Amino acid sequence: MLLFCSVMNGCNGANPGCYIEFFSSTLKGQSTHEADYPYLDRSPKLTCPVGKPIYNSGAFVQEPLVDHSCTEDRLQTLVATYGSAATAIYASDKAFGNYANGVFNGCTSQPNNHAVLVVGYGTDSASGLDYWLVKNSWGSSWGSNGYIKIQKGKGMCGIGSSCYTARCSATTGTLSDPPVVPPPPPIPASQECDLTTRFGPITGSYTMTINSK
């Protein structure tokens with residue numbers, strides 16, 4: 001229980017090991033909502049929350065499905081059966097970080113160092129390439145609204161060499177209403193960038209390039 005709570009509160013979500021701990025938990029849906037027990041990155045509390053409301057989401061992990069000797073065929077079966085599956089890939093190529101559209105097939109290596117969620121697969125009409133539809137954790141401003149198509153069937157970026165998903169069951173009791181998540185704190189005045197002080201009133205859309213030199 002302690003290990004799982006520390007994972008919830010402080011584990012890097014892009015670390016494949018986090019999925020193992022999460023899917024192997026025995027909390028059966030009896031955990032707190034992120035609004036009441038926020039993610040603390042690399043400075044976790046390392047304790048389970050006390051006196052905080054339990055959030056009943058309606059489902060819990062009945063059986064973790066963790067496969068360290070996975071294949072792309074197995075990954076396809078998991079996605080078709082459960083709707084999605086986490087996997088580990090190599091994501092350190094500059095081309096990967098700059099992905100915008102199309103089917104990505106430019107990985108230079110395959111040592112897994114990043115966890116992603118595979119949510120589908122198909123064939124690209126423009127290129128004719130089979131692909132995995134992958135949801136990344138870098139925000140909607142990255143890639144194609146937060147997603148990337150990775151070429152399927154070639155072991156591209158090491159995708160499918162490990163797979164993580166879960167068989168779920170319904171919780172008991174009344175489902176919880178989602179708590180109200182407080183708005184983010186205001187940007188400190190020292191970090192604000194007000195261009196109008198230098199250029200006057202600005203209208204329209206512009207691209208700003210920052211030169212650090």
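**Overview. Five helices and seven strands make up the protein chain.** Here, buried means under 20% relative accessible area, exposed over 50%, and partly exposed in between (1.4 Å probe, protein chains only). The model is predicted: local features need pLDDT of at least 70, side-chain atom pairs count only at pLDDT 80 or more, and totals for chains, interfaces and linings use all residues. Residues are numbered from 1 along each chain as its sequence is written, and side-chain values use heavy atoms, with hydrogens and water left out. Helices (H or I, at least four residues) and strands (E, at least two) are DSSP runs, numbered from the N terminus. Read from the N terminus, the order of elements is α-α-β-α-β-α-β-β-β-β-β-α. The chain has 213 residues, and 31% of them are buried.

**View 1. Strand β2 is mostly covered.** The strand spans residues 85-89, and five of its five residues are buried. Ala 85, Thr 87 and Ile 89 are buried on one side of β2. Ala 86 and Ala 88 are buried on the other. Strand β2 pairs with β4 (pairing takes at least two DSSP bridges between two strands). Five bridges join β2 to β4, and the two run antiparallel. In this pairing, Ile 89 stands opposite His 114 of β4. Strand β2 also runs antiparallel to β7, with two bridges joining them. Here Ala 86 has Tyr 164 of β7 as its bridge partner.

**View 2. Five aromatic residues are linked into a cluster by ring pairs.** The members are Phe 96, Tyr 99, Phe 104, Trp 138 and Trp 142. Rings of Phe, Tyr and Trp (its six-membered ring) pair if their centres lie within 6.5 Å; planes under 30 degrees apart count as stacked, over 60 as edge-to-face and the rest as tilted. Across the whole structure, the search finds six aromatic pairs. One of them joins Tyr 99 to Trp 142. This pair is tilted, with 6.1 Å from centre to centre and 40 degrees between the planes. Tyr 99 sits in the loop between α4 (94-97) and β3 (103-104), and Trp 142 in the loop between β5 (130-135) and β6 (147-151), so the pair ties together parts that are 43 residues apart in sequence. Tyr 99 is buried, at 8% relative accessibility. Trp 142 is buried too, with a relative accessible area of 8%.

**View 3. Trp 142 also pairs with Trp 138.** Trp 142 is buried, because its relative accessible area is 8%. Trp 138 is partly exposed, because its value is 36%.

**View 4. Arg 167 and Glu 63 form a salt bridge.** A salt bridge is a side-chain nitrogen of Lys or Arg within 4 Å of a carboxyl oxygen of Asp or Glu. Side chains of opposite charge can pair when their charged atoms come close. By this rule the model has three salt bridges. In the bridge shown, the distance from N to O is 2.0 Å. It links distant parts of the chain: Arg 167 belongs to strand β7 (residues 163-170) and Glu 63 to strand β1 (residues 59-67), 104 residues apart. Arg 167 is partly exposed at 34% relative accessibility. Glu 63 is likewise partly exposed, at 34%.

**View 5. Asp 67 and Arg 74 meet in a salt bridge.** Here N and O are 3.9 Å apart. Asp 67 is partly exposed, with a relative accessible area of 22%. Arg 74 also counts as partly exposed, at 34%.

**View 6. Lys 149 forms a salt bridge with Asp 124.** The closest N and O atoms of the two residues are 3.6 Å apart. Asp 124 lies in the loop between β4 (114-123) and β5, while Lys 149 lies in strand β6, so the pair ties together parts that are 25 residues apart in sequence. Asp 124 is buried at 10% relative accessibility. Lys 149 is partly exposed at 23%.

**View 7. Two lysines lie over aromatic rings: Lys 149 over Tyr 131 and Lys 152 over Trp 132.** A charge sits over a ring if NZ of Lys or CZ of Arg is within 6 Å of the ring centre and within 35 degrees of the ring normal. Lys 149 is 4.5 Å from the ring centre of Tyr 131. Lys 149 is also the salt-bridge partner of Asp 124. For Lys 152, the distance to the ring centre of Trp 132 is 5.1 Å.
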